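Me: I have a chain open on my screen and would like to talk through it with you. Can you take me from one local feature to the overall picture?

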Amino acid sequence: MNNRLRYIIGAILLVSFIFVGFIPVVQQYLTIPKQMKLFKSDEVKFSTSLAVSTHSNDVIETMKQDAKLSIAGKEVGKEEMMLHLAGVPVKRVDVQVLSDFKVIPGGQSIGVKLNSKGVLVVGYHQVDTKDGKKSPGEIAGIQVGDMITKINGKTIEKMSDITPFIQQAGKTGEPLKLQVMREKEQLQTKLYPLKDKEDYAYRIGLYIRDSAAGIGTMTFYDPKSKKYGALGHVISDMDTKKPIVVEDGQIVRSTVTSIEKGENGVPGEKLARFSENKEIIGNIKTNSPFGIFGKLSETMENGILDKPMPISLSHQVKEGPAKILTVVENDKVEEFDVEVVSSVPQKFPATKGMVIKITDKKLLEKTGGIVQGMSGSPIIQDGKVIGAVTHVFVNDPTSGYGVHIEWMLNEAGINIYKKESKRAS
């Protein structure tokens, strides 16, 4: 009997909770977030019959008309807004008003050259010695993906730096004292080069690389600081599949020569070449999950939207029509229609915040959807930059992920949350 009673009470409570969820006041209560960020020029609207009060009208301005609530930024700062039901406070909303901030959108095709922080081990080589085939690097415990940063206490920056150490070790029989970086850990090991019986040269039995190159798309730059963001995702080594730890790098202009159209199961690709003069237009200081970042040495124009545009925070992005800027032929930036299928209002930096779908017939005909090299193409919605294209769905090349501009700005070292007084100074 007790069990039956518990089941009945549980069923009544479940039905009650479901019923309460359909009450308009409860739905309105849940719709309004506990924390809210907006820019001085922003105005957000909610449907609610709840009464509203604030400590002052200095930071935000609220307007209530019928069952509509409008909140507008007034001054940079923070304000507590309280929702009331029948005169009783039921919910506190912390509102932060940010200084208006604008960026210049990109869309240009860029060439990317990365120099790693040391030399990257991308494979093993078996040295053909008189005692059989061996890899000195493998024997020394070196792993694919390791970064050799020092030999015998000397900093290694490029592959040619290693050759003199190998020759010297071969002559003396002394081991190479290697310092390697594995993930974020620094390790020490000793490596004895072995002589190849065919050419009598000493080898370390490792395939190494000190740089990488590719193409992508510029996302934005700050007209004041010239800081920029591009790609929207990390650059990984094609052999090790691990992110490249950047020492430095450069971006140059590039020209799209052709498009390999994407199909289900086979991602397409932009084929491009670096500009003939290979003029450096900016440096690369960071290679992160949110893209590459640095500073431009000259301004860039896309020929469509070359004036500073406001941005949207992650919670301000909504499902519906949008545009992307990208290049599919030569160096001409064009605007194409897309649809924001979903967007997650992220509270903390995270990738893959949006799902987008290409709807532009011209772009679908040309590329089949999102292709490699399109990463970084800025996404524009309602006159604001909201993010960048990052990944394609392999089984549906018309769709893919996007990253919110808010997190790319953060990675670029642009603090949109700072106070007005600090910004002015």
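Reply: Let us start with a hairpin, which strand 23 and strand 24 form with two residues between them; helices (H or I, at least four residues) and strands (E, at least two) are DSSP runs, numbered from the N terminus. This is a predicted model, in which local features need pLDDT of at least 70 and side-chain atom pairs count only at pLDDT 80 or more, while totals for chains, interfaces and linings use all residues. Residues are numbered from 1 along each chain as its sequence is written, and side-chain values use heavy atoms, with hydrogens and water left out.

Me: How many bridges hold strand 23 and strand 24 together, and in which sense do they pair?

Reply: Strand 23, residues 286-288, pairs with strand 24 in the antiparallel sense over three bridges, where pairing requires that DSSP finds at least two bridges between two strands. Within this arrangement, threonine 286 stands opposite phenylalanine 293 of strand 24.

Me: And what about strand 19 and strand 24?

Reply: Strand 19, covering residues 227-230, runs antiparallel to strand 24 and is joined to it by four bridges. Alanine 230 has isoleucine 292 in strand 24 as its bridge partner.

Me: Why is strand 24 largely enclosed?

Reply: Strand 24, residues 291-295, is largely enclosed by the rest of the structure because four of its five residues are buried. Buried means under 20% relative accessible area, exposed means over 50%, and partly exposed lies in between, with a 1.4 Å probe and protein chains only.

Me: Now leucine 194: what does it touch beyond its sequence neighbours?

Reply: Leaving aside neighbours within four places in sequence, leucine 194 is in contact, meaning heavy atoms within 4.5 Å, with Val127, Thr129, Lys134, Pro136, Ala201, Tyr202 and Arg203. Leucine 194 sits in strand 16, residues 194-195, and is partly exposed at a relative accessible area of 24%.

Me: How far is leucine 194 from aspartate 396?

Reply: The two are 50 Å apart in space, C-alpha to C-alpha, and 202 residues apart in sequence.

Me: Zooming out, what does the whole chain look like?

Reply: The secondary structure comes to seven helices and 32 strands, and the C-alpha trace spans about 90 × 70 × 50 Å along its principal axes. The chain has a radius of gyration of 28 Å, whereas a compact globule of 425 residues would be near 22 Å; that radius is taken over C-alpha atoms, and the globule rule is 2.2 Å times the number of residues to the power 0.38.

Me: What share of the residues is buried?

Reply: Of the 425 residues, 45% count as buried. Among contacts with a separation of 6 or more, residues 24 or more positions apart account for 66%.
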